[in-house]
Amino acid sequence: MHFPILSSLIAVPIVGAILLLFVRDEEHSEKTIRAIALIVSGLVFLETLLLWSRFDASSAEFQFVERHDWIPSFGISYLLGVDGISLLLVVLTGFLTPLALLGSWESVHKRVKAFSICILLLESAMIGVFLSIDLFLFYVFWDAMLVPMYFLIGIWGYERRIYAAVKFLLYTMAGSVLMLLAILGLAYLQSVATGAYSFDLVKLYDLSIAPRTQVWFFLAFALAFAIKVPLFPFHTWLPDAHVEAPTAGSVILAGVLLKMGTYGLVRFALPLFPVAAALFAPVLATLAVVGIIYGALVAMVQPDMKKLVAYSSVSHLGFVVLGITAMNMQGVQGAVYQMLSHGISTGGLFLIVGMLSDRRHTRLIAEYGGLKKVTPRLVAVFLIVTLASIGLPGLNGFVGEFLILLGVFRWNPRMAAFAATGVILSATYMLWMFQRVNYGPVTSEKNARLVDLRTREWLVIAPIVALAILMGVLPNFFLRPIGPAVQRMLSHVEQGSAPQRIEAER
Amino acid sequence: MMAGFNAIVPMACVAAAAVAAMIAEAFSVPGERMPIAPLGGIGLTGAALASAALWNHNASSFGVVSADNFALFVTGVLVVVGLLSLALSGPTIDREHLPRGEYYALMLFALAGMMLMASATDLLVIFLALEVLSIAVYVLTGIRRDSPASTEAAFKYFLLGAFSSAFFLYGIAFVYGLTGSTRLDRIASVVASQGASPLTLVAVGLLLVGFAFKVSVVPFHMWTPDAYQGAPPAVTGFMSTGVKAAAFAAFVRVFLSALQPLHASWAAVLWPVAAATMIIGTVVGVAQNNVKRMLAYSSIAHGGYLLLALLSGNDYGKGAVLFYLLTYAVTNLGAFGVIGLLEDAERPNDTVADYAGLWHDHPALAAVMTVFMLSLGGFPPTAGFIAKWYVFSAAIKAGYTWLAIVGVLTSVVSVFFYLRIVVMMYMTPAGESIARFPSVPKVAGAALIASAVLIFYLGILPARVLDWAAASIGTIF
């Protein structure tokens, strides 16, 4: 019996949250609470690194699988596993959570205990989403995750936080309940085919489903994931949620939560319903391209930095979806890589915007200007993260976007051409924002005396900068574990769609 | 010889406790406080132990009361309802100076009636049980005699309830006229051989109306918001869960065993009813500003989900009814328990705005209320999620895909109003708020915590209870 590392990844944050319940929520215990939360999330991060180090990168199968009966009469099991697609997303979650906690030391002073508990519970649910390979368990984590996020936005957010929190929750839930029905339908088909209910993903992969049914199920899954990504035109909750959420919420939302939509497409929607996926891939790709260009154009005119970054997420996530719909090695591998690198660079951008707004209590671009002279170090890291987000070669964003465009070009050159304009546009809006904030004369008195990066902020931002460079320079190190799992997924999609397509044509 | 009485032992325990409560009240010196609630607790524990002993024995008494596992499961749910109601009633009784003995005795009599209703296998006994529980609940609804709202609620409830009882009785008469019996098994065999004649359909329709009133589904739901708002919260919690459990148990027994051969006929009527119940319950619920009325409409909507399970009619559906009743009982009683604690002598404090800032005043109460709301809304990892999932999987299996879609979409809408309370408690600063109650009584607090724990238990480790539910339906269908 080896150590159940995956379960412990889910359990440690919960244990930490329970531990925090017993700390008194008073002024002087604020430090203790923060320390406990930080240590717990740091521990989780170390564990994710341990997981990575012991992960066999050459294997495409699920590893560290843990299986326990949960509700045996329905074939539901507590089934965890990790493969190349989920591994790095788990590491990303472990990486960003402590940074989000540390990044909010200045900005959150109200109810620190409840705040830390919410973040830890959220971390546990997020890791659970990436690790579960039982559809029922996946749905449980998927839905459970909404509650702490809802509280994070609703309690610690800005002015219109309640509206944003409720909108976030209802939007996401409306999408996911139909997915629940599709999951139930899948299990029912499985019981018809084999005589026993099962929610085991690996078994369901082998289930052959009539193309008509596939279409319905695919639509239900795709809707849930499209809202989460968010894919145009389901994106309207995102700017609200991002703008109103506290910094930590935005970092986790952009860094991890959005990836669940694209992760869901790769893990569930495509391989489970290959025929429908092939049918709808052009539709999804078109929406993705529209999202890329639309997100970029809207980002360009935002007066608020946070909103600008939020819309840039719509654009960047469009790339990810596009890469997935290409359904070839480069496209999907690039998409998975881009999920990570977007988590790093957008997480970093939100942290930096948070630092600025901690200092000035505003996020309006017009309020800033000439920061280069006042806070040179902050501006330096800001520049690196901005360039990473744009996709400058040598930084993380480039690799993913390049691979995606390569893959998409092989599949549909026209799509690739349209998408490539998004790269140019992203340079425009990001650099323009950067220029207005950091260059030129110091326009406002209030900006003249801003402090530069503090030690704590160095601790928050340095890992991000380091990782952005590392992922840009050594992409193979990160791509290696992704490859086999993507290959397996793709060959599965091919097998699934080929014979049935012929059948349908007859 | 004695074995013939086995099946009625659980309800006899409760009835004995009720009688004891009345005697204790009658013989108490004025001003003396008798431990009446614990008496009820003892009776209910006895019922629980008796049910456990009878499990899998399929005992039956007098040919009309059957302690099959189905009945015993519902009895178990009712024991939970009873214990939580007893524990949560204390603060209301003290505050309103209600007659302690009568209150508990009525509650226990109602419980005995509910248990009988769940176990009866004869339409007349079902009617008898229905009246026992209904009359007790009418009185409980109006037990605050000097409160106009309470009296109005009781009167409305009584009139409409009596009306529906008449429908039900008329239906029984028809059934008897057609089949020559009121015993469910005989009805089943006659109905199976005769098929659906117009008169049978009339009889089924009349029975349906009677049940529909009791479980408050659209279009027979009008009394619910008024009755729920007017009754003391502890009573509302009791009747919204206990009456529903008992009535649904009988509903399932009559329609899925005796009238199962006519499934196609009554299902055609029932599915629009289920859809309308889910939709109206949630949509009207959104517009409510009074928490009790909101939960009344939520209760209607939950009736719709239960109806969906009943309609499905397969093993999952029947099991789902049982599991759902348990979940709903624990959750709703907890919610009304919190509402009851927030009342004070001057004001009911039951508008949504009254909950503003509760988190700051009383974090623990806000936390358990949040658990109840999340469970009603069907969030994992609470019991509400498993219950809804069970219902929807039954519906999918039975081919009611569209109803399941209506179900999940309405449950999203319902989340909106459950969250309004959460928004108020956590995200809105307290206004010039009411004088907050000093503290939560120990017993009531323990009951709330027990409900919350049970909700998480059923949500995280439901396997055992699900197996019990599955075993329960095996015995009668």
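**Close-up views of a predicted two-chain model**

**View 1. The surroundings of B:Thr241.** Leaving aside residues up to four places away in sequence, B:Thr241 touches B:Val81, B:Tyr328, B:Ala329, B:Asn332 and B:Leu333. Touching, or contact, means that the C-beta atoms of two residues, placed from the backbone, lie within 7 Å. This is a predicted model: local features need pLDDT of at least 70, side-chain atom pairs count only at pLDDT 80 or more, and totals for chains, interfaces and linings use all residues. Residues are numbered from 1 along each chain as its sequence is written, while chains are lettered from A and ligands numbered from 1 in the order in which they are written. B:Thr241 sits in helix α10 (residues 233-258) of chain B. Helices (H or I, at least four residues) and strands (E, at least two) are DSSP runs, numbered from the N terminus. B:Ala329 is 88 residues from B:Thr241 in sequence, yet their C-alpha atoms are 4.9 Å apart. Is B:Thr241 buried or exposed? B:Thr241 is buried, because 27 other C-beta atoms lie within 10 Å. The cut-offs, for C-beta atoms placed from the backbone, are 20 or more others within 10 Å for buried, 12 or fewer for exposed, and partly exposed in between.

**View 2. The side of chain B that touches chain A.** Here 25 residues of chain B are in contact with 25 residues of chain A. On chain B, the elements giving two or more residues are α16 (383-398), α17 (401-427) and α19 (463-474). The largest share, twelve residues, comes from α17(B). By class, this side of chain B has 21 nonpolar, two polar and two charged residues. Nonpolar covers Ala, Val, Leu, Ile, Met, Phe, Trp, Tyr, Cys and Pro; charged covers Asp, Glu, Lys and Arg; the others, Gly among them, are polar.

**View 3. Helix α14 of chain A.** This helix (residues 329-360) has 32 residues. From first C-alpha to last, α14(A) reaches 46 Å, close to the 46 Å expected at 1.5 Å a residue. The expected span is 1.5 Å times one less than the number of residues. Of the 32 residues in α14(A), 27 are buried. A:His361 follows, with a positive phi near 55°.

**View 4. The hairpin of β1(A) and β2(A).** Strands β1 (residues 63-71) and β2 of chain A run antiparallel, joined by six bridges. Pairing requires at least two bridges found by DSSP. A:Glu66 stands opposite A:Leu80 in β2(A). Four residues lie between the strands, and A:Gly75 takes a positive phi near 65°. Five of the seven residues of β2(A) (residues 76-82) are buried, so this strand is largely enclosed by the rest of the structure.
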